[in-house]
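User: I'd like to learn how to read a model like this one. Could you walk me through it, feature by feature?

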Amino acid sequence: MDAQTIRELQAYGFFFFVVFLVCILYGYCYHLYKSERTGRRDYEKYSNLALQDELNGDVLEKNVKGH
């Protein structure tokens with residue numbers, strides 16, 4: 001293979017890798033949106049955790065064993 005062919009393959013590989021990462025990002029954003037909308041998680045609590053960080057603060061979630 002000559003250098004031009006290798007550069008073309010690198011460009012195609014980079015393009016498809018970026019498209020793959022964008023799909024993963026949008027899928028994760030959709031997952032977060034759907035989890036918040038259905039009530040499984042309240043991400044507003046987690047964002048407030050950075051502002052209200054105390055040793056004796058309230059526990060966000062109880063640790064429940066799945067037995």
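Analyst: Here is a short tour, one feature at a time. This is a predicted model, where local features need pLDDT of at least 70, side-chain atom pairs count only at pLDDT 80 or more, and totals for chains, interfaces and linings use all residues. Residues are numbered from 1 along each chain as its sequence is written, and side-chain values use heavy atoms, with hydrogens and water left out.

User: How long is helix α1, and what span is expected for it?

Analyst: Helices are DSSP runs (H or I, at least four residues), numbered from the N terminus. The expected span is 1.5 Å times one less than the number of residues. Here α1 takes in residues 3-38, 36 residues in all, and its first and last C-alphas are 52 Å apart, close to the expected 52 Å.

User: Which residues does the "transmembrane region" annotation cover?

Analyst: UniProt annotations may be inferred rather than shown by experiment. In this unreviewed UniProt entry, that label is put on residues 12-33. In the model, the chain over residues 12-33 is 100% helix and 0% strand, with 32 Å between the end C-alpha atoms.

User: How many aromatic pairs are there?

Analyst: Rings of Phe, Tyr and Trp (its six-membered ring) pair if their centres lie within 6.5 Å; planes under 30 degrees apart are stacked, over 60 edge-to-face, and the rest tilted. That rule gives 1 aromatic pair. Phe15 and Phe16 form an edge-to-face pair because their ring planes sit at 70°, with centres 5.5 Å apart.

User: What lines the largest pocket?

Analyst: On a 1 Å grid over the protein atoms alone, a pocket is an open set of points where a 1.4 Å probe fits, with protein on both sides within 12 Å along at least five of seven lines; lining residues have an atom within 4 Å of a point. The largest one holds about 210 Å³. Its lining includes Lys45, Asn48, Leu49, Asp53 and Leu60.

User: Where is Glu61?

Analyst: Glu61 is in the segment after α2 (43-49), and it is partly exposed at 38%. Its C-alpha is 9.8 Å from that of Lys45, 16 residues away along the chain. Asn63 is in the segment after α2 too; at 77%, Asn63 is exposed. Asn63 and Ser47 are also 16 residues apart in sequence, with 19 Å between their C-alphas.

How values were computed
Helix = DSSP H or I, 4+ residues; strand = E, 2+ residues; numbered from the N terminus. Points joined across faces, edges and corners; volume = space filled by probe spheres on them. Buried < 20%, exposed > 50% of the residue type's maximum accessible area, 1.4 Å probe, protein only.
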